[in-house]
Amino acid sequence: MPTATEFMQIDVEKVSKDLGLVDKGKERGGHGLPRTSAVEPDEHEQAVTNQILGALGLAKNDYDLNLRSYNERLKGLNLDARSSEIRTEARGAVSDFDTEHHSGADALYRLRLNVLDAQRELEEFKVDRGIRRLAHYPESKVFYLGIIALLLLLEVILNGSVFSVGHEFGLIGGIGFAALIAFLNVIVLGIIGSTCFRLVRQPAGGIRALGCLAIPIYLVFVTGLSLLGAHLRNAISKATDEYATLALDTFLANPIAIESATSVLFVIMTIAFALGAAFDFLKMDDPIFGYGERDRKLRLAEEDYRAMKDELVERMKDIREDRVEYMKDELAQLREDLSSHQSIVEHRAQHYSRFKEYMTYLESTANLLIARYRDANRTTRKDAEPTYFSKSWSMERPFAAELGDTSEDIASVRGKVEETSRILEECIAELETHYVDHIHRYNRIDELTREEVKDAQAHQRPE
């Protein structure tokens, strides 16, 4: 805050001595000067007024410099424009908050419809099949897929060691051939087996009967394939190029005629791995076809809905806090600027008052110095003194703009700031109210039912 300049004070005694006012007054008076008929001050009085006017010029420069500083500070505060701008932004903040809510509510409503559709689909599925239990399936299939991968790897390794005996490409050829057998046994037969076992778990009696028929056929097929593999191993071990034909002939002639304990182990291992894979695939999902899929669809829809709602609530909370903090900061800054404005206006008025007082001081000081000259002149005069000796010198005041009523200026700005403060406080309260209402509406979407959706859609249809 600039301070009002302490204008230069005049040392009357020094100026009087420097100009020799007493001595020259007596000297000129003894010569009858200035003449009785003179109407204008002589050069000695003009020397006094010139020195006073010089001091006035310096004071006027200081006054103008500080006045510009005060005015620039007030212009920088610009409380009128800022008050209007803050009011607009505060109202806009409430409007933006509502817009953000409506946009989020629309997205949340659509996700809620997805939940309701998934619920309806799952409920209709359960009713059609007479299901009264919850769906049974693991949260993650990683464990079961790991078991499948382990079975596949073990069978490749074990089969490779078996088929490498007598294979024309040795261990590498045996492992390659074993990999194909392992894929068919663990993956293909595992999936087929799990499907057969699922059939007997279906609600429909006809499908269960089909499962009861399919399981023995599956077991016979797995056993037969295992025995064929054992015959193939025996044929390969005889180092003949026609091992495939030989294996098929011996299998058809006597399937259980296995020549070695290793081949018996091969048969047991193949059956065990196929059945193990079948049960593992069975555990990956609910036994009833489509039940697990529909239940997961509902859970995924509910998770999407819940995640969206949590995100919207958090976003609304962040927006509310940001907007409220912004408005409170603006309110505090506005009140601080109002205090600054009042201080600037008061100091500017004091500066103007001191400058006016200084001009009066300069005028009286000039007349005091002139009076010394005239009094000294009178003591030695024999002629009558000029008529202007009886008149005081009047200093012409330089232009200084009137600042108006300081109290009115301060009161006017304070009124606008208080109005803005009131609006900000109302907007903060309104924002808090809207926040509570918006969260309640989000919660209301949780309670939305399919019947309410149907009613709303029916009312939206054109006549």
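A pocket here is an open set of grid points with protein on both sides within 12 Å along at least five of seven lines, and a residue counts as lining if it has an atom within 4 Å of a point. Please keep in mind that this is a predicted model.

With that, the largest pocket. Its volume is about 210 Å³. The lining of the largest pocket is made of 14 residues, and those nearest its centre are I181, L225, L228, G229 and L232. Which helices supply the lining? At least two residues each come from α6 (170-199), α7 (205-237), α8 (243-253) and α9 (261-283). Helix α7 gives the largest share, 5 residues. Sorted by class, the lining has 10 nonpolar and 4 polar residues, and no charged ones.

Next, the helix packing around α10, which covers residues 291-380. Helix α4, residues 79-129, packs against α10 at about 170°, with the axes 9 Å apart. An angle over 145 degrees counts as roughly antiparallel, so α4 is roughly antiparallel to α10. Their contact holds 24 nonpolar, 7 polar and 18 charged residues.

Helix α3, residues 43-77, also meets α10: the axes cross at roughly 180° and come within 10 Å. That makes α3 roughly antiparallel to α10 as well. In this contact I count 21 nonpolar, 9 polar and 7 charged residues.

Is E363 buried or exposed? Its relative accessible area is 16%, so E363 is buried. Beyond its neighbours within four places in sequence, E363 is in contact with W393, S394, M395 and R397.

How values were computed:
Residues are numbered from 1 along each chain as its sequence is written. This is a predicted model: local features need pLDDT of at least 70, side-chain atom pairs count only at pLDDT 80 or more; totals for chains, interfaces and linings use all residues. Side-chain values use heavy atoms; hydrogens and water are left out. Axes are lines fitted to C-alpha atoms, for helices over the stretch in contact, and angles run from 0 to 180 degrees between N-to-C directions. Helices (H or I, at least four residues) and strands (E, at least two) are DSSP runs, numbered from the N terminus. Angles under 35 degrees count as roughly parallel, over 145 as roughly antiparallel, 65 to 115 as roughly perpendicular and the rest as oblique. Ala, Val, Leu, Ile, Met, Phe, Trp, Tyr, Cys and Pro count as nonpolar, Asp, Glu, Lys and Arg as charged, and the others, Gly among them, as polar. Buried means under 20% relative accessible area, exposed over 50%, partly exposed in between (1.4 Å probe, protein chains only). Contact means heavy atoms within 4.5 Å. On a 1 Å grid over the protein atoms alone, a cavity is a set of points where a 1.4 Å probe fits but cannot get out, and a pocket is an open set with protein on both sides within 12 Å along at least five of seven lines; lining residues have an atom within 4 Å of a point. Grid points are joined across faces, edges and corners, and a volume is the space filled by probe spheres set on the points.
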